[in-house]
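User: I would like to learn how to read a few features of a model, going from a single side chain to the whole chain. Could we take them one at a time?

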Amino acid sequence: MNALFLAAAEEPQNPLLPHLDELVIGLIAFAIVFGFLAKKLLPNINKVLEQRREAIEGGIEEAEAAKIEAQSVLEQYKAQLAEARHEAARLRQEAQEQGTAIIQEMKAEGQRQREEIIAAGHAQIEADRKAAATALRQDVGKLATDLAGKLVGESLEDVARQSRTIDRFLDELEEKAEAAR
């Protein structure tokens, strides 16, 4: 072995090839450090990695559960929205029907009131016409009596005779008026 060392000492040292004793000492030191790291540090690293993996998987499961719950809530919201729209349409339809019924009732009430007003107006006109005819008959009778009294030259103060004469005269006028029509 000395011969090998002597031969190596005589040759110039290649910087890419380390000395054998350095190589052996480096391998032993590497094995010790690797063993120490494998015994002490590697279980802690594996433990942390396992915790991170579990946390990530738990987060994914929670995200999936939250997604399913959100989808369920969305479906419930859509169902409630559709139900609310249906209810609103039903209420609008009922309001339109009620509005139409109220309009029909108001039209009928207006028609009834109009007919009552017209009937009352006709009755009032008839009463006024009768009152005017009676007043006219009295005035015409008085004028006729006065005129007849002036023509005859005597007073026609007798009320019964006066009434008969007036009635006869007006009846004749009415008959002539009806015949002329």
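User: Does Phe169 count as buried, partly exposed or exposed, and what is its relative accessibility?

Analyst: This is a predicted model, and the reading of a side chain rests on cut-offs: buried means under 20% relative accessible area, exposed means over 50%, and partly exposed lies in between. Phe169 has a relative accessibility of 39% and therefore counts as partly exposed. This residue lies in helix H3, and its C-alpha is 10.0 Å from that of Arg137, although 32 residues separate Phe169 and Arg137 in sequence.

User: Which residues line the second largest pocket, and which helices supply them?

Analyst: Arg137 is one of the lining residues, together with Arg129, Ala133, Thr134, Leu136, Val140, Leu170, Leu173 and Glu174. Helix H2, spanning 20–152, and helix H3, spanning 159–180, each supply at least two residues of this lining, and the most comes from H2, which gives six.

User: How should I read an aromatic pair, and how many does the structure hold?

Analyst: A pair of aromatic rings is described by the distance of the centres and the angle of the planes. The structure holds one aromatic pair, formed by Phe30 and Phe34, with 6.0 Å from centre to centre and 20° between the planes, an arrangement that is stacked. Because they are four residues apart in helix H2, Phe30 and Phe34 are separated by about one helical turn, and both residues are exposed.

User: Where does UniProt place the feature "transmembrane region", and what is the helix content over those residues?

Analyst: An annotation of this kind comes from a record and may be inferred rather than shown by experiment, and here the unreviewed UniProt entry places the "transmembrane region" at residues 23–42. In the model, the chain over residues 23–42 is 100% helix and 0% strand, with the end C-alpha atoms 26 Å apart.

User: What elements make up the chain, and how much of it counts as buried?

Analyst: The chain has three helices and zero strands, so that the order from the N terminus on reads α-α-α. Of its 181 residues, 3% count as buried, while the chain exposes about 16100 Å², of which carbon and sulfur atoms supply 62%.

How values were computed. Residues numbered from 1 in each chain as written. Predicted model: local features only at pLDDT ≥ 70, side-chain atom pairs only at ≥ 80, totals over all residues. Heavy atoms only, no water. 1 Å grid on protein atoms, 1.4 Å probe; cavity = no way out; pocket = protein on both sides within 12 Å on 5 of 7 lines; lining within 4 Å. Phe/Tyr/Trp six-rings, centres within 6.5 Å; stacked < 30°, edge-to-face > 60°. Buried < 20%, exposed > 50% of the residue type's maximum accessible area, 1.4 Å probe, protein only. Areas by Shrake-Rupley, 256 points an atom, 1.4 Å probe, with all protein chains shown as cover.
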